[in-house]
Amino acid sequence: MLRFLFRLAAMVALSVAVIMAVLDATRSVAASALVMTPLNSSWLAVSPDTRAAFETFVRAKASPIIWDAGIAWVLAQPGFAVFAVLAFLLHAIGYRRRRRGGEFAPG
């Protein structure tokens, strides 16, 4: 059941990555230049209140250093790349390995 949830979350993250990549590709064609929108800009465009609440929560509960060093760096990366890496990690967690011993066992 838990593997299914990780694979489902990976599929949702991959869907968001593809949507963000298509948006960036469309903007790149329109601008005749490469456009890669940072995740922070996309998040602020969709929901600035949750972005501000998330920053306040991290700075209050964890540390301002974690925000400045880690999370701000991630938010500065292109949104499609962040969600693609997240999808890969979630898929790797939810991946089920196939057993190798029984394929060619003598009958």
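Me: Is Trp67 buried or exposed, and by what criterion?

Reply: Buried means under 20% relative accessible area, exposed over 50%, and partly exposed in between, with a 1.4 Å probe and protein chains only. Trp67 has 4% relative accessibility and therefore counts as buried. The model is predicted: local features need pLDDT of at least 70, side-chain atom pairs count only at pLDDT 80 or more, and totals for chains, interfaces and linings use all residues. Residues are numbered from 1 along each chain as its sequence is written, and side-chain values use heavy atoms, leaving out hydrogens and water.

Me: Which ring forms an aromatic pair with Trp67?

Reply: Rings of Phe, Tyr and Trp (its six-membered ring) pair if their centres lie within 6.5 Å; planes under 30 degrees apart count as stacked, over 60 as edge-to-face and the rest as tilted. Phe54 pairs with Trp67 edge-to-face, at 5.8 Å centre to centre and 65° between the planes. Phe54 lies in helix α3 and Trp67 in helix α4 (residues 64-76), so the pair ties together parts 13 residues apart in sequence. Helices are DSSP runs (H or I, at least four residues), numbered from the N terminus. Phe54 is partly exposed, with a relative accessible area of 30%.

Me: Which residues do ring pairs link into a cluster?

Reply: The cluster consists of Trp43, Phe54 and Trp67. Trp43, at 25% relative accessibility, counts as partly exposed.

Me: How are helices α2 and α3 packed?

Reply: Axes are lines fitted to C-alpha atoms, for helices over the stretch in contact, and angles run from 0 to 180 degrees between N-to-C directions. Helix α2 (residues 39-46) and helix α3 (residues 48-61) pack at about 120°, with axes 5 Å apart.

Key: Helices (H or I, at least four residues) and strands (E, at least two) are DSSP runs, numbered from the N terminus.
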